[in-house]
Amino acid sequence: MKFNYDVIVIGGGHAGCEAAAASANMGAKTCLVTMDMNKIGQMSCNPAVGGIAKGQIVREIDALGGQMGLVTDKTAIQFRMLNIGKGPAVWSPRAQCDRGKFIWEWRTVLDNTPNLKIWQDQADKLLVENGEAIGVRTIWGVELYAKSIIVTAGTFLNGLMHIGRKMVEGGRCAEPAVHNFTESITRWGITSARMKTGTPIRIDKRSVHFEDMDVQDGDSDFHQFSYMGPHRVLQQLPCWTTYTNKEVHDTLKEGLADSPLFNGQIQSTGPRYCPSIETKLVTFPDKEQHPLFLEPEGEDTNEMYLNGFSSSMPMDVQLNAIRKIRAFRDVEIYRPGYAIEYDYFDPTQLKHSLESKIIKGLFFAGQVNGTTGYEEAGGQGTIAGINAAIYCNNGEPFIMKRDESYIGVLIDDLVTKGVDEPYRMFTSRAEYRILLRQDDADARLTEKAYHLGIAKRDRYDWWIQKKQAVDELIQFCEQMPIKAKDINSQLEALGTTPLRAGCKLIDLIARPHLNLQNLAEIIPALKEKLHMPENRKEEIAEAAEIKMKYKGYIEREKIVAEKMHRLENIKIKGRFNYAELHEISTEGRQKLAKIDPETLAQASRIPGVSPSDINVLLVLLGR
């Protein structure tokens, strides 16, 4: 059988779901190929979305018209805004989700997306003709043809799971690995390698002594992931915290000889920032305890996730070790933790559009690019889906800059620097954190998404309404006069210095101890202004306050970003034969030839390319 589409997406994980939804919403006739329609959007590891920098990515996906934020809000069973005690540049939303409801919410979204068909099957061979991807053949012999192909196969490509010395082929627990498909791609000159990730033991909550743990409640305020849709609707559940101890560590150390991470069984590289418990013991031998977080998997299940106890140790070692913790002395488990090795493709072989430099019309997104995390996958999937749809119409690719989004930072890091371990996003990876806040993703991206066609009219209209409301509130604060004699006693009561002379309200908001809420209690006109009829008035007030309070920092960072834009505008791709530029260091020549950067700014970010190498290029460009 043969079928024809505009875009084919291989894999129904977080990258694949966003890619399929994006291309279909842009009008491309799209087919999502997945091995199991009942596990679309499966949360293979922790049933949580967001976290430090990851939450910003989800807000950006939402601002672009993506679905992860909406699905998360509808299935969240605990929401927290992390880093709230620090500046807003690093505030990061995170939500614990109901794993089962998350899957079915995604399935509902995709089932109701126009232009999108789901095909339950397994990709077996990439079809290429004259250097261009033209389709896919499945294990059932079905041939699917399209103008562009997006590979989002996650951990399934030649997946191999490890528990102790036991090895089982699979892409996830109880799900088969995908063979042959990697080889059908690498035969065309695309290189692949292996990476490793892992997941923790799953616990039956009926066997836990919660009285020996500390409770961790979520937030009950207005924050959520999506700028659209209803507020969180599910029952909000607590998480719980405890620690490992010396007995736990001793038990684990006794089993290290059978650990696939340390007996040579696993050769690939695992995630640095989400290590297994046995890796923590070896890396930090003097640490007497490590924190653990017990998190619910859903509203109606007894299954719980033990965050911080990822492991591939033998089953008996894992169980015996965890029972040395007082709260888990009688614990029963659903399954042990395990590690998984899988194929990925060197992301330096990609353009910033996530299209292959080697095979036209072939896009990659998610863990196959060497990343880890649902959010990183979803962000890549969104951009790959947009660009695959654009490719069908021979349009200009949609490229995100580093000062526009964390997704832009992520993709630029991948295609410019490559990966030698699973890539995870952190706020520290972004140079322009004050410009990439979680509260202003809509301001940065919604208008772009609307003109692309992925963000619909209702989202655009809401953004325009919000923008107008924020601007009006800021203007009110800029114009509102404050007299010292009317307010000094209240300012002293709030712990801040009294005024020597009158000022505008915006000058008070700039003070660290003051905000719109506590000032509204002493300034009646402001209190009346904050009683806005608009939807999400708290979100509007927060956005306005951050813009006022951090105005100087924001403007300063925009100036720095604008200077870098000058280098971004200097195109150098195809202008040099780097092997012949002996004025540049040997390492610089090799790295420049491998990456073949689009712009001088991208060249400056390549590891091994020095500032003096960039100066040489500038001089040569002047000639």
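The radius of gyration is taken over C-alpha atoms, and the globule rule is 2.2 Å times the number of residues to the power 0.38. For 623 residues this rule puts a compact globule near 25 Å; the chain has 26 Å, which agrees. The model is predicted: local features need pLDDT of at least 70, side-chain atom pairs count only at pLDDT 80 or more, and totals for chains, interfaces and linings use all residues. Residues are numbered from 1 along each chain as its sequence is written, and side-chain values use heavy atoms, without hydrogens and water.

The C-alpha trace spans about 80 × 75 × 50 Å along its principal axes. Buried residues (under 20% relative accessible area, 1.4 Å probe, protein chains only) make up 58% of the 623. The accessible surface (Shrake-Rupley, 1.4 Å probe) is about 25900 Å², and carbon and sulfur atoms hold 50% of that area. Of the contacts (heavy atoms within 4.5 Å) between residues at least 6 apart in sequence, 72% join residues at least 24 apart.

Charges were counted with Lys and Arg as positive and Asp and Glu as negative, leaving out His and the chain ends. Each charge was placed at NZ of Lys, CZ of Arg, CG of Asp or CD of Glu. There are 77 positive and 82 negative side chains, with the centres of the two sets 3 Å apart.

DSSP runs give helices (H or I, at least four residues) and strands (E, at least two), numbered from the N terminus. The chain has 21 helices and 23 strands. Strands pair if DSSP finds at least two bridges between them. Strands β12 (residues 160-163) and β13 (residues 166-169) pair in the antiparallel sense over four bridges. Isoleucine 163 has lysine 166 in β13 as its bridge partner. Two residues lie between the strands of this hairpin, where glycine 164 takes a positive phi near 60°.

Terms used:
Buried means under 20% relative accessible area, exposed over 50%, partly exposed in between (1.4 Å probe, protein chains only).
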